[in-house]
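Morning, everyone. Please put the model up on the screen, and I will walk you through it.

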Amino acid sequence: MTRGSLGAKALTVLLRVMNTPRMEVAADFLASSGVLDEVLAAGLALPCGTARMSLWVDDRERELMRNPDGPGYRYFSEAAGWVAASAREVGRYRTEATRVLALVRGWLDIPSQPPLAPLRADAIWDLGDMWVGKRRLAVLFMRRAHLSASVAQLRDALSLFPRRRSAVVLTDVTMNAFGPSLPGEPLCVALASLVSTGRPVVTDIDKRLIAELLGAAPPQTGRKTPVYCSDDGGELRVNGEDFVFTGVTQQRIVRRLYEAWEAGRPRLRTAAVLEEAE
């Protein structure tokens, strides 16, 4: 797991940029916000251009490389050799969302393996699992959360997401509270609201706040029972104790046993259960 730090102001600016359609921003905006050098040094933004980093100089496209002697970039000129290109001269930058989210992973103590998984390209990512007390939670991140189209994408992604009933969705901005219900009724919270105010540098996220929000969330089932099982059988709760099953066969067996218990049949033939679970 990678735990890094980032200025609180830089995080606010990056989340604002991630809320734009292309996640692009002018160098002057980053400079006027006072975060240009920090963002570039951390590799959280790269120059916009073609498939590679480039800059047009004297009607020619020059490939940009990081300047090993300081912040910014440089390019090679046949006449002058290596020439430094100032950060403002580059013009526009694109936020490196996966690098920003890698920092968030570290702040939540989420292992860095497996790699970040996009559920929707440049829109929704699966950050992995974190533990809040004895509870295991799947953490997703969604950008442009204020748009109904983004919420619709999240609804579609969650309908296929096996851990939706134990999920937390972090967002770049606050989601519309009057939007449609989401499969699994996950906790949706703006990332910035989880960062302690008054600290100039972000190094972690207080999980106690997440636990409080989960405790205040409405129950996910319409009735209180000593046993609860998710639709896919991946999450089982017995008298307040949670169990998580990741194997497909395990999940089928757990769900089948739960359905039998709920129907008042506490015993099943082992062979029949295994056959149904394939």
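Let me start with a definition. Two rings of Phe, Tyr or Trp, taking the six-membered ring of Trp, pair if their centres lie within 6.5 Å. Planes under 30 degrees apart count as stacked, over 60 as edge-to-face, and the rest as tilted. One caution before we use that: this is a predicted model.

So, how many aromatic pairs does the rule give? The count is two. Take F76 and W82. Their ring centres sit 5.5 Å apart and the planes meet at 70°, so this pair is edge-to-face.

W125 belongs to strand β11, residues 124-132, and F141 to strand β12, residues 135-142, so the pair ties together parts 16 residues apart in sequence. Both W125 and F141 are buried.

F141 brings us to the core. The largest nonpolar core has 53 residues. Which residues have the most contacts inside it? They are Y93, L108, L127, F141, L170 and I210. Helix α1, residues 8-18, supplies the largest share of this core, with seven residues. Look at L108. Setting aside neighbours within four places in sequence, L108 contacts M130, V139, L170, I205, K207 and I210. As background, nonpolar side chains in soluble globular proteins tend to be buried together.

Next, helix α7, residues 207-216, where we find L213. L213 is partly exposed, at 29% relative accessible area. Beyond four places in sequence, L213 touches L187, V189 and L194. Take L187 from that list: it is 26 residues away along the chain, yet the two C-alpha atoms are separated by 7.8 Å.

On to helix α8, residues 248-262. α8 has 15 residues. From first C-alpha to last it reaches 21 Å, close to the 21 Å expected at 1.5 Å a residue. Which residues of α8 are buried? Q251, V254, R255, R256, Y258 and A260. What do the buried residues of α8 pack against? The partners are β16 (227-229), β17 (235-238) and α9 (270-276).

Why does R256 count as buried? The cut-off is under 20% relative accessible area, and R256 has 19%. Leaving out neighbours within four places in sequence, R256 contacts R265, L268 and E276. Just after α8, G264 takes a positive phi of about 85°.

Last, confidence. The mean pLDDT of the chain is 82, and 86% of its residues reach 70 or more. Where does pLDDT stay under 50? Over residues 216-224. For that stretch the model has eight contacts beyond four places in sequence. Where pLDDT is low, the predicted coordinates should not be read in detail.

That is my tour. Over to you.

Conventions:
Residues numbered from 1 in each chain as written. Predicted model: local features only at pLDDT ≥ 70, side-chain atom pairs only at ≥ 80, totals over all residues. Heavy atoms only, no water. Core = buried A, V, L, I, M, F, W, Y, C linked by side-chain atoms within 4.5 Å. Buried < 20%, exposed > 50% of the residue type's maximum accessible area, 1.4 Å probe, protein only. Helix = DSSP H or I, 4+ residues; strand = E, 2+ residues; numbered from the N terminus. Contact = heavy atoms within 4.5 Å. pLDDT = per-residue confidence, 0-100. Expected span 1.5 Å × (residues − 1).
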